[in-house]
Amino acid sequence: MRDARSLPAPFPSLGRDGIRRAGGLLLSVLVVLLIAMADRALGANYHLDLLYFAPIALASWTTGRIGGLATVVLAVAASWRVGHQHPLEAALAAVLFMLLVDLVARLRKALERSDQRFAAAMEALTDPVYVEDARSAELLYTNRRYQETFGGTRPRIPDSGETQNPAGDRWYVLRSQPLGWLDGRNATLCVLSDVTEERRARELLAKHRDAAHRTARLIALGEFASAIAHELNQPLAAIATYNHSCMRMLQSGNPDSGELQQAMHICRDQAKRAGKIIQRLRDLLRPPGPAFTEQNLNELVGAVLRLAEPEARDAGISFERDLGGAAPVVRADRLLIEQVAINLVRNAVEAVQALPKDRRRITVATRVEPDGSGTFSVSDLGDGVPPQAKERLFDPFVTTKPGGLGLGLSICRSVVEAHGGAICHQRNGDRGAIFAFTLPGVT
């Protein structure tokens, strides 16, 4: 692998450089001598002296002007002794040979400068850059920024295209472009652009959006409660008033049956009115029915973990996936089932975030049941569910969290049962809990 310091010069090592120079010069001398011997053997009738261009070019490329000029002197001398050339003819040949030496040396210098410009440009970049062989994926070049960020390790690029450096504080996205390398092989230029700030902005936006959704739900719940209180206040007050009147008439010992009957009818009508008010409010708030489509639970795991990752990473929590070999495919409303899965994952995050590091692990698994249904499960190493809450855990307003509303798992159960599935929980071995829901498979 060539690094940034070795790229500008074709032969960076002094030892290798000396060997190549000596080898190139020796080969050029041998070729000149062979040409001279062949020319002499043929009686100098075939103008083999034109072949001297090859060893002169070789010596000029490998050793520079000095080696090239030395080969020119040898070639002219050999040609003079073998062919007994006219002095003018020998001088013209020498001039042509020296022009060749100059052209090859200039070409070599231009290529070196081109390499230097390439290396200088790569070194000036603040992004990690590397070049790899298109076939073998061998690293051919890495710039200084890459060495500082990743050292000698290769970054692992997931399907999302984003990778994190070993220190864990910066995120990069891979951008690649085909490239022809110095030796002619096909290569790929890879640039890892820093997207840490963009990623943090996305995560912050997701957190704000989630907070806004929660606030909106709380506001809606408060407005719903206020609407119920306002609408039910009048019929309930009327019921209480007429019921009190009935009690007084009964206590008087001589109640008027007509007035008593009329008061009871009014109580009945007001009770019916209260029921209609509740039904009307339910109709207003009832969402449309779920849109059932085929959903791959393995793909759902990836989407859910991407949403939960920022909060988990801040708490030092790691996720482990245990996906079934055969992808569970179910019929479900993607948005509703995704919210159920997110709720279960976030409950697990809250259960382990204050525990020691070795217990801050959450496993998300999927599997296909024998009847073809699909199961999504979340297991943690927390303290588990208190015994007093196990039987009523999925009931409304039952919670084990300080300040919790107790509606999350109740809503999850309602959504899963609306899909024809079931949700349950159990202990995770000696510690922790497993929450899972099962949905009917696609038939």
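In which sense do β10 and β11 pair, and over how many bridges? β10 and β11 pair in the antiparallel sense over seven bridges. Two strands count as paired if DSSP finds at least two bridges between them. Helices (H or I, at least four residues) and strands (E, at least two) are DSSP runs, numbered from the N terminus.

The model is predicted: local features need pLDDT of at least 70, side-chain atom pairs count only at pLDDT 80 or more, and totals for chains, interfaces and linings use all residues. Residues are numbered from 1 along each chain as its sequence is written, and side-chain values use heavy atoms, with hydrogens and water left out.

**Confidence**

pLDDT is the predictor's confidence in each residue, from 0 to 100. The chain has a mean pLDDT of 78, with 81% of its residues at 70 or more. Confidence is lowest in strand β1 (residues 2-3), at a mean of 43, and highest in strand β11 (residues 374-380), at 94. Over residues 1-14 pLDDT stays under 50, and for this stretch the model has 35 contacts beyond four places in sequence. A contact means heavy atoms within 4.5 Å.

**The sheet**

Five strands form an open sheet of mixed pairing, in the order β8-β10-β11-β13-β12. Its edge strands are β8 and β12 (422-427), each of which pairs on one side only. Neighbouring strands are turned by 15° against each other on average, direction ignored. Two of the pairings are listed below.

| Strands | Sense | Bridges |
|---|---|---|
| β8 (residues 318-322) and β10 (residues 361-368) | parallel | five bridges |
| β10 and β11 | antiparallel | seven bridges |

On the β11 side, V368 is bridged to G374. β10 and β11 form a hairpin with five residues between them, and G372 in the turn has a positive phi of about 95°.

Axes are lines fitted to C-alpha atoms, for helices over the stretch in contact, and angles run from 0 to 180 degrees between N-to-C directions.

α9 (residues 334-352) also packs against α10 (residues 408-418), at an angle of about 145° and with the axes 10 Å apart. The contact is made by L336, I337, V340, N343, L344 and N347 of α9 and by G408, L409, C412, V415 and V416 of α10.

**Aromatic pairs**

The whole structure holds five aromatic pairs. Rings of Phe, Tyr and Trp (its six-membered ring) pair if their centres lie within 6.5 Å; planes under 30 degrees apart count as stacked, over 60 as edge-to-face and the rest as tilted. The rings of Y130 and Y146 have centres 5.3 Å apart and planes at 55°, so this pair is tilted. Y130 lies in strand β2 (residues 129-133) and Y146 in helix α5 (residues 144-150), 16 residues apart.
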